[in-house]
Amino acid sequence: MKYSDFTLVNVVINRPLHQKFAYKIDGIIGPECVGSRVEVNFSGSNSIGIITDINPEIKHPLSKLKKAKLLDKVSFISKDIQKVLEFGSAFYQYPLGQCYNVALPKLLRDGKSYAYESIPALELCGEPDNKTLSKIRSEEQLKLIDVLKNGAVKRKELRERGVSSQTENALVKKGIAKLTELETEQKKFTDTDLPILKETPPVPNIEQQNAIISISSTKEFGVFLLNGITGSGKTEVYLRVIEEVLKQGKAALVLVPEIALTPQTFNRFYRRFNVPVSSMHSALSDRERLDAYIDMASGKSGILIGTRTALFTPIPNLGLIIIDEEHDSSFKQNDTFRYHARSLGIIRAKQNNCPIVLGSATPSLETIFNVKKGLYKKLDLTIRAGGASLPVNH
């Protein structure tokens, strides 16, 4: 039943309660607000809730319903994330409102606006001449100049690539670089004329090539175990498959254990692709996490690299999920919403009808069991990439 001056909604709240609560919102809203945040009075205190139903059937008298304040005119939580959280809540027996609480960046949980602020960056003051470059003795400073030659770079990205603030400050003091702020009105990654690749990839060996073809030719949901010995070039397979996904105008989600988020990992992605790369991990500030969340939700970035909670980031046109080191225990959340990112990653891939790749040198028992049952396809990498030899047992 619809009303002319208000809308009835069901809301879930960050409380250990397996139920929804009815509220009234001023004005008429439609299904585009399912997943929107509201500010509500719950048990005498202000709380942030998530709308789960519009115009539900309710048994309470309307006069007893409190009003809710709508914070988002349109939900930024995509339908596939809503479905994943509903599944996770039922499967892991955890209240849906608390599942949403784990899935949202802290600033959004706190009711802050879904919007950018300034994005700190570093850029060159101009093309440095040979005389200036010849005076620089620091290898790190020369590398940073090289990175900045293509334009301003987020300071967050420089940190992830292993550039120290001392190196940045040294270039600023010399008048070679300056601090700036990036414009937040960036276009979508699909609206650029730049080629997808910055560098020419190495030629894959026969096993890598078979894996790349097998995954890239899958245009629907499927689970692949990329079972590769250490040094067999699993990352190169990921990069090549991501390239194919980006060519289709789709985005990729790469989940890795926190320990694997090294400058080498980030550098491989930043060096390979012209497409903007976003990241989510514990070294970021709350502001940087929200910026990455908006980058992905608005289609400005084409690749998201992150730890387990990155799984809940809205990504339109998601074409591929990769879970590297799928056996790693850090993909399992051990408090609050006790989910496994591998299991929910597979549910999300199914929602998006896209392939998911589980990479490991030592696959988990669950994954091996599912391969034996024929539910997952196993792709083996037994050769060291680049002709490196295997260690010898004495």
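This is a predicted model: local features need pLDDT of at least 70, side-chain atom pairs count only at pLDDT 80 or more; totals for chains, interfaces and linings use all residues.

Trainee: What share of the contacts with a separation of 6 or more comes from residues 24 or more positions apart?

Mentor: Take the contacts in the protein whose partners have a separation of 6 or more. Those between residues 24 or more positions apart account for 77%.

Trainee: How many helices and strands are there?

Mentor: Both are DSSP runs numbered from the N terminus, helices being H or I with at least four residues and strands being E with at least two. On that basis the secondary structure comes to 13 helices and 15 strands.

Trainee: Why is the protein described as being as compact as a globular protein of that length?

Mentor: The radius of gyration is taken over C-alpha atoms, and the globule rule is 2.2 Å times the number of residues to the power 0.38. For 394 residues the rule gives 21 Å, and the protein is close to that, so it is as compact as a globular protein of that length. Along its principal axes the C-alpha trace spans about 75 × 60 × 40 Å. The radius of gyration itself is 24 Å.

Trainee: What percentage of the residues is buried?

Mentor: Buried means under 20% relative accessible area, exposed over 50%, and partly exposed in between, with a 1.4 Å probe and protein chains only. Of the 394 residues, the buried ones make up 50%.

Trainee: How many disulfides does the structure hold?

Mentor: A disulfide is a pair of cysteine sulfur atoms within 2.5 Å. Cys33 is buried at a relative accessible area of 1%, and Cys354 is buried too, at 3%. The number of disulfides in the structure is zero.

Trainee: How far apart are the centres of the positive and negative side chains?

Mentor: Lys and Arg count as positive and Asp and Glu as negative, leaving out His and the chain ends. Each charge is placed at NZ of Lys, CZ of Arg, CG of Asp or CD of Glu. There are 54 positive and 43 negative side chains, and the centres of the two sets are separated by 3 Å.

Trainee: Which elements do the buried residues of α10 pack against?

Mentor: Helix α10 covers residues 263–272, and its buried residues include Phe266, Phe269 and Tyr270. They pack against α6, α9, β10, β11 and β12.

Trainee: Is Glu243 buried or exposed?

Mentor: Glu243 lies in helix α9. Leaving out residues up to four places away in sequence, Glu243 touches Ile196, Leu197, Pro201 and Phe273. Its relative accessibility is 8%, so Glu243 counts as buried.

Trainee: Which residues does Asp324 touch, not counting those up to four places away in sequence?

Mentor: Asp324 is found in strand β13. With 12% relative accessibility, Asp324 counts as buried. The residues touched by Asp324 are Lys234, Tyr238, Leu255, Val256, Pro257, Phe331 and Gly359.

Trainee: What is the phi of Asn317, and is Asn317 buried or exposed?

Mentor: Most residues other than glycine have a negative phi. Asn317, in the loop between β12 and β13, has a positive phi of about 55°. At 54% relative accessibility, Asn317 counts as exposed.

Trainee: And Asn55, what about its phi?

Mentor: Asn55 lies in the loop between β4 and β5. Asn55 is buried, with a relative accessible area of 17%. Its phi is positive in a residue other than glycine, near 50°.

Trainee: How far apart are the C-alpha atoms of Phe6 and Thr167?

Mentor: Phe6 is in strand β1 and is buried, at a relative accessible area of 16%. Outside four places in sequence, the contacts of Phe6 include Ile25, Ile28 and Leu62. Thr167 is 161 residues away along the chain, and the C-alpha separation is 57 Å.

Key: Residues are numbered from 1 along each chain as its sequence is written. Side-chain values use heavy atoms; hydrogens and water are left out. Contact means heavy atoms within 4.5 Å.
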